[in-house]
Amino acid sequence: MAGEDDDNDHTALTGQIKEKLIRSKQLWAEQGRLLTGHADPRHANRLPPGQKEVKNWPVLDLGRQPDIRPEKWHLRVRGLVENPVLWTWPEFTALAQEEFESDIHCVTAWSRYDNHWCGVSSRAILDIVKPKPEARHVEFHAYDGYTTNVKLEVFAEPDVLLATHWDGKPLPRDHGGPVRVVIPHWYFWKSAKWINRIEFTAEDRPGFWEVRGYHNEGDPWKEERYG
Ligand SMILES: Nc1nc2c(c(=O)[nH]1)N[C@H]1C(S)=C(S)[C@@H](COP(=O)(O)O)O[C@H]1N2
Ligand SMILES: [Mo]
């Protein structure tokens, strides 16, 4: 997975890929685990169907957590945009910071309310890079080799951001620090941790979980867990 991506140079990955966990999540997808059959498309409830509220914040990833020193960190935004960029850490943190409040909904059935985020909004990024009219999809790449995909209009929602802070503190490394994506209206697998590349494309490119049985969209109120 990593290795095919030159952006991953110089990054120490600690931990082992959790092959068993990946297989069991794939099996859940095949079996349609956790589906209630009671979609809530009008958001009558704050808690989406089949979810349980938790007060802690579980850590979920493929098992290899990159340790990125600020001087090595960068974020590339490229593809079908007028102005591709390559931000270093000082450049990225000099962009306008905004604050956001949102709930997390993980496909493994936990939800965590009232997360306070700080970071750079997707709208600010769109204003800078200016997607071309042909751009329809967004693909996220992370330092651990993870990928995930959303439609451009999903990325452009007003509460989507690249978060550097959570509850007033720098985002912890195990939750994707220094910078992760936050897409509050979708299951959390769409919110790539340790982001290092955002690619705008005409065609859709399903990501790590999307090719392993997860839904291509991911609306929790429609129970778009598996597809
Ligand atoms: N880079 C990266 N981002 C990732 C993942 C991953 O393995 N690597 N896992 C996804 C999944 S499946 C979930 S549920 C959330 C978990 O985020 P958390 O550990 O902060 O709760 O991160 C998502 N983003
Ligand atoms: Mo997940």
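Okay, let me start with a term: by salt bridge I mean a side-chain nitrogen of Lys or Arg within 4 Å of a carboxyl oxygen of Asp or Glu. With that in hand, take Asp 103 and Arg 46, which form one with their closest N and O atoms 2.8 Å apart. That pair links distant parts of the chain, 57 residues apart: Asp 103 sits in strand β6, residues 98-105, and Arg 46 in the loop between α1 (19-31) and β2 (52-53).

Before I go on, the housekeeping. This is a predicted model, where local features need pLDDT of at least 70 and side-chain atom pairs count only at pLDDT 80 or more, while totals for chains, interfaces and linings use all residues. Residues are numbered from 1 along each chain as its sequence is written, chains are lettered from A and ligands numbered from 1 in the order in which they are written, and side-chain values use heavy atoms, with hydrogens and water left out.

Now the overall picture. The protein has four helices and 13 strands; those are DSSP runs, H or I of at least four residues for helices, E of at least two for strands, numbered from the N terminus. The radius of gyration is 17 Å, close to the 17 Å from the globule rule for 227 residues, so the protein is as compact as a globular protein of that length. For the record, that radius is over C-alpha atoms, and the rule is 2.2 Å times the number of residues to the power 0.38. Along the principal axes, the C-alpha atoms fill a box of roughly 45 × 35 × 35 Å.

How much of it is buried? Buried residues make up 52% of the 227, where buried is under 20% relative accessible area, exposed is over 50%, and partly exposed is in between, with a 1.4 Å probe and protein chains only. As for contacts (heavy atoms within 4.5 Å), of those with a separation of 6 or more, 72% are between residues 24 or more positions apart.

Back to the salt bridges. The count comes to eleven. In our opening pair, Asp 103 counts as buried because its relative accessibility is 16%, whereas Arg 46 is at 42% and so counts as partly exposed. There's a network here too: Arg 46, Asp 103 and Asp 114 are linked by salt bridges.

Next pair: Asp 61 and Lys 193, with closest N and O atoms 3.1 Å apart. They are 132 residues apart in the chain, Asp 61 being in the loop between β2 and β3 (65-67) and Lys 193 in the loop between β12 (180-182) and β13 (195-201). Both Asp 61 and Lys 193 are buried. Then Glu 199 and Arg 197 meet at 2.7 Å, N to O, and both of those are buried as well.

Last topic, the backbone. Most residues other than glycine have a negative phi, and most peptide bonds are trans. So which residues join through a cis peptide bond? Gly 177 and Pro 178, with omega at about 15 degrees; Pro 178 is in the loop between β11 (169-170) and β12.

Leu 34 isn't a glycine, yet has a positive phi of about 80 degrees. Leu 34 lies in the loop between α1 and β2, and is partly exposed at 27% relative accessible area. Lys 130 also has a positive phi, about 55 degrees, and its place is the loop between α3 (122-129) and β8 (137-142). Lys 130 counts as partly exposed, at 41%.
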